[in-house]
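Hello,

Here is the structure we talked about passing on. Please look it over, then read the notes below.

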Amino acid sequence: MNESATVIRQAAAVAEKPQRNSMLRHARYVMSENAVTGFAFALFTLIALCALVGPYVVPHDPLASDTTATLKPPSLAHWFGTDQLGRDIFSRVIVATRLDCFIALSSVALVSAMGGLAGVAAGYFGGWTDRIVSRIADTIMAFPLFVLAMGIVAALGNTVTNIVIATAIINFPLYARVARAEANVRREAGFVQAARLSGNSEARILLLHILPNIMPIMMVQISLTLGYAILNAAGLSFIGLGVRPPTPEWGIMVAEGAGNIISGEWWIALFPGAALMLAVFCFNLLGDGLRDLVDPQRRT
Amino acid sequence: MLKRVISPDEGKGLPLLDVKNLTVEFHTRRGIVRAVEHVNVTIEKGETVGIVGESGSGKSVTSYAVMRILDRAGHIADGSVSFSGFDLRAASENDMREMRGREMSMIFQSPRLALNPIRKIGKQIEDVLLQHAQVDSDVVNEKAVEMLELVRIARPRERYHAYPFELSGGMCQRVVIALALACKPQLLIADEPTTGLDVTTQKAVMDLVVELTRERGMSTILITHDLGLAATYCSRIVVMEKGKIVETAESEVIFRKPAHAYTRKLMRATPRPGISLPDLLPENQTAKTKPLAPTPKMRNQMPLLVVDNLVKEYPRQGRSGSLGKLFSRNRPVPESEIFRAVDGISFSIARGESVGLVGESGCGKSTTSMMVMRLIDKSAGSIVFDGEDIGEIPASRFASLALRKRIQMVFQDPTDSLNPRLTAARAIADPLLRLGGVPRNKLRAHCEGLARQVGLPVELLDRFPHQLSGGQKARVGIARAIALKPDLIILDEPTAALDVSVQAVVLNLLQDLKDSLGMSYLFVSHDLNVVRLLCDRVIVMRSGKIVEEGSTAHVLVKPQADYTRELLAAIPHPPL
């Protein structure tokens with residue numbers, strides 16, 4: 001349907017007048033066009049708010065235990081109930097947002113930079129660069145990823161930094177492969193040749209011409225791995241690696257509450273679990289919207 | 001078996017296809033766009049009609065509406081389409097599925113995309129036959145081979161087992177034609193069937209389509225942007241502009257007496273024998289372009305570029321297994337495993353001269369231009385540019401040398417050659433920043449100057465490529481190429497992806513720039529009609545070798561080589 005695309009684009013080009021706040025306008029358009037994207041962004045704003053101001057506004061100290069009010073079901077005083085030590089679960093769930101999001105964001109930032117660069121270089125240069133990067137990715141993929149992450153954290157030490165590193169390493173193949181494939185397609189594109197004729201060095205072509213063009217695809221990948229990274233961090237904490245009690249963290253809280261479900265105190269595990277699920281769900285939905293935002297072709 | 005939707009005696013006396021007052025609308029972000037407005041076309045049985053127009057004129061959308069294959073954003077807003085009296089607009093999707101392929105079928109622009117890449121071509125023809133229950137499954141094999149034979153595929157029994165990637169573009173298009181004709185439809189819609197094919201292949205494919213459809217008494221709609229092609233093969237021509245039909249006439253009449261201004265413009269813009277560059281422009285614009293000054297002959301000067309015995313070899317793929325390669329990496333490759341893309345060619349280009357390099361796809365012309373451009377390394381021979389053997393400098397190092405400024409290129413596809421994430425201004429500024437030594441604060445003024453030089457409105461400089469039209473993108477590409485004031489520009493089919501009227505303007509622009517800046521051009525093309533307009537000298541290549549070389553007038557009027565004659569004969573000759 002080449003022709004119809006041309007017709008639409010020409011009509012759009014006629015109507016188009018470059019505007020200063022076009023990015024904002026574009027964001028608004030992307031969200032209004034797709035209700036799911038709008039919902040995902042709203043949810044994301046909520047999570048971001050919790051992470052930023054949550055610790056200052058929660059009704060109770062997340063670490064303060066109250067032996068007179070242990071294992072209380074949800075009530076007006078304790079919206080999500082209390083746990084075995086009488087701590088307020090609502091406050092703990094909100095406060096935990098910051099730590100979980102921090103782990104996810106920093107590990108994804110790390111891996112998207114490393115994996116993206118390695119992948120783009122592999123796809124663009126080919127040859128030995130490609131072989132080395134691809135074999136590293138293959139080696140990582142050969143392990144059960146969660147077990148690999150467990151092993152890394154166990155070997156390096158039980159700290160938040162090491163959770164970030166482990167999560168980054170297990171996501172490396174995803175980024176490297178996507179970036180490699182996309183760079184490979186564009187290696188012989190006309191604009192790359194033109195950049196070469198303009199006197200750009202190979203590194204410049206890689207960083208300034210190819211990398212920005214694969215951003216839309218990387219954005220989807222980033223949003224998907226964000227959810228996965230949160231899940232991974234929580235999973236590690238659940239089995240007792242990484243974050244240690246009494247720090248509020250969704251994985252630990254689910255682990256702490258798991259034993260109480262059978263005796264009827266379902267709220268201890270349910271609410272942190274639901275928060276975890278919502279966060280992962282939100283990041284997964286966000287992918288499409290983010291791609292539409294960063295892709296200039298969609299900005300007609 | 002389902003009943004035939006249209007019985008042969010139904011709709012007697014009616015035209016085969018009757019499109020009345022057709023309006024097609026597309027829902028876009030900025031409201032409703034009317035792609036086709038109040039279009040009326042009738043096609044009689046056995047008639048060949050051409051629908052001609054430039055991109056965005058709605059010619060393809062019209063045919064998609066007839067086939068009811070518009071994409072989701074588009075719908076028929078008004079009008080009626082009837083096929084032998086059968087209302088296609090009201091037909092159910094099930095009926096339409098039966099109609100497509102059996103009663104009317106379509107040939108698409110890109111044959112390779114139209115075929116399933118992982119299914120044998122014979123099987124694909126069988127699929128169509130079985131789908132429409134045209135033959136019994138025990139003879140379907142014979143029938144498929146018969147179809148391949150019909151479209152003149154040599155050794156059809158062997159080719160039955162071929163996959164699309166094993167066939168050339170022309171052969172793929174023949175298979176697509178076989179698919180389209182397999183169920184003996186009454187109407188064939190050919191949507192730019194030969195765009196992207198070589199001129200000799202184009203002739204073969206079009207001759208085949210016309211002959212087969214005539215034999216079977218079928219009607220054909222040929223959708224094309226090439227007025228010359230349509231006039232050669234169609235009896236009647238419908239000219240469309242911006243979604244409306246501006247003229248319908250017999251093809252003999254349309255070239256002699258075009259009634260509508262747009263038809264006249266299109267007709268003038270079509271390159272044809274016996275005209276010069278300014279003739280391509282619309283009547284009211286010719287006045288301001290001065291007649292061409294003959295290119296000064298500078299015989300005593302040293303030529304700008306001398307290419308001597310240039311060779312490019314590639315290892316043939318698939319000859320030695322990858323395991324074999326792994327174990328014997330350093331063993332010299334035997335001669336038989338080497339493919340010579342460019343096989344010892346020599347030529348020279350003088351200062352201010354434009355030379356055309358003509359040949360069909362795969363003849364090595366692009367490889368030659370890439371070597372001269374120093375984007376790929378040669379295998380043997382020398383490339384002497386202004387006294388210096390640049391062939392000795394590895395391509396990977398060339399980008400950083402000052403010499404890079406002096407050889408630039410205009411690419412074939414203006415869309416592909418612009419970075420989608422850079423604005424027009426940024427694209428033009430790129431060479432200035434890297435090699436031009438222009439300070440950042442003067443960059444904008446430089447870009448605006450270049451934009452004016454190539455006739456690009458300055459306010460468009462802040463747009464991204466997808467917000468520009470094809471012609472505007474071509475201008476950005478040209479501005480980028482001339483930004484460094486190079487001595488030699490290689491034009492790699494710079495107008496192949498453009499509409500004829502835009503092509504006319506761009507060719508004239510290139511000529512003006514050459515006159516004012518004194519550059520030399522190496523014009524790589526497969527279209528002799530275009531080369532004739534811009535070049536002083538022509539080199540004809542085939543299979544990596546030069547078959548003929550000489551002044552444009554000489555080569556085109558009195559070709560020496562058989563191959564050149566063949567190329568010339570394949571150009572569509574509209575009735576004049």
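**Chain A**

Read along the sequence, chain A runs α-α-α-α-α-α-α-α-α-α-α-α. That corresponds to 12 helices and 0 strands. Please keep in mind that this is a predicted model.

The C-alpha atoms of chain A fill a box of roughly 75 × 50 × 30 Å along the principal axes. Chain A has 300 residues, and 46% of them count as buried. Taking contacts in chain A between residues at least 6 apart in sequence, 70% join residues at least 24 apart.

**Chain B**

Chain B contains both kinds of element, with 22 helices and 20 strands. Its radius of gyration is 26 Å, close to the 25 Å that the globule rule gives for 576 residues, so chain B is as compact as a globular protein of that length. The C-alpha trace of chain B spans about 75 × 65 × 50 Å along its principal axes.

Buried residues account for 47% of the 576 residues in chain B. For contacts in chain B between residues at least 6 apart in sequence, the share that joins residues at least 24 apart is 70%.

**A helix pair in chain B**

Helix H8 of chain B (residues 199-215) packs against helix H22 of chain B (residues 562-570) at an angle of about 50°, and their axes are 8 Å apart. An angle from 35 to 65 degrees falls between roughly parallel and roughly perpendicular, and H8(B) and H22(B) are therefore oblique to each other. The crossing of H8(B) and H22(B) is left-handed.

On the H8(B) side the contact is made by Val199(B), Thr200(B), Gln202(B) and Lys203(B), and on the H22(B) side by Glu566(B), Leu567(B) and Ala570(B). Sorted by class, the contact of H8(B) with H22(B) has 3 nonpolar, 2 polar and 2 charged residues.

**Gly79 in chain B**

Where does Gly79(B) sit? Gly79(B) lies in strand E4 of chain B, which covers residues 74-83.

Leaving aside residues up to four places away in sequence, Gly79(B) touches Lys20(B), Asn21(B), Leu22(B) and Thr23(B). Val24(B) is 55 residues from Gly79(B) along the chain, and the C-alpha atoms of the two are separated by 9.0 Å.

Regards

Conventions. Residues are numbered from 1 along each chain as its sequence is written. Chains are lettered from A and ligands numbered from 1 in the order in which they are written. This is a predicted model: local features need pLDDT of at least 70, side-chain atom pairs count only at pLDDT 80 or more; totals for chains, interfaces and linings use all residues. Axes are lines fitted to C-alpha atoms, for helices over the stretch in contact, and angles run from 0 to 180 degrees between N-to-C directions. Helices (H or I, at least four residues) and strands (E, at least two) are DSSP runs, numbered from the N terminus. Angles under 35 degrees count as roughly parallel, over 145 as roughly antiparallel, 65 to 115 as roughly perpendicular and the rest as oblique. A crossing is left-handed if the near helix is turned anticlockwise from the far one by less than a right angle, and right-handed if clockwise. Two residues are in contact if their C-beta atoms, placed from the backbone, lie within 7 Å. Ala, Val, Leu, Ile, Met, Phe, Trp, Tyr, Cys and Pro count as nonpolar, Asp, Glu, Lys and Arg as charged, and the others, Gly among them, as polar. The radius of gyration is taken over C-alpha atoms; the globule rule is 2.2 Å times the number of residues to the power 0.38. A residue is buried if 20 or more other C-beta atoms lie within 10 Å of its own, exposed if 12 or fewer, and partly exposed in between; C-beta atoms are placed from the backbone.
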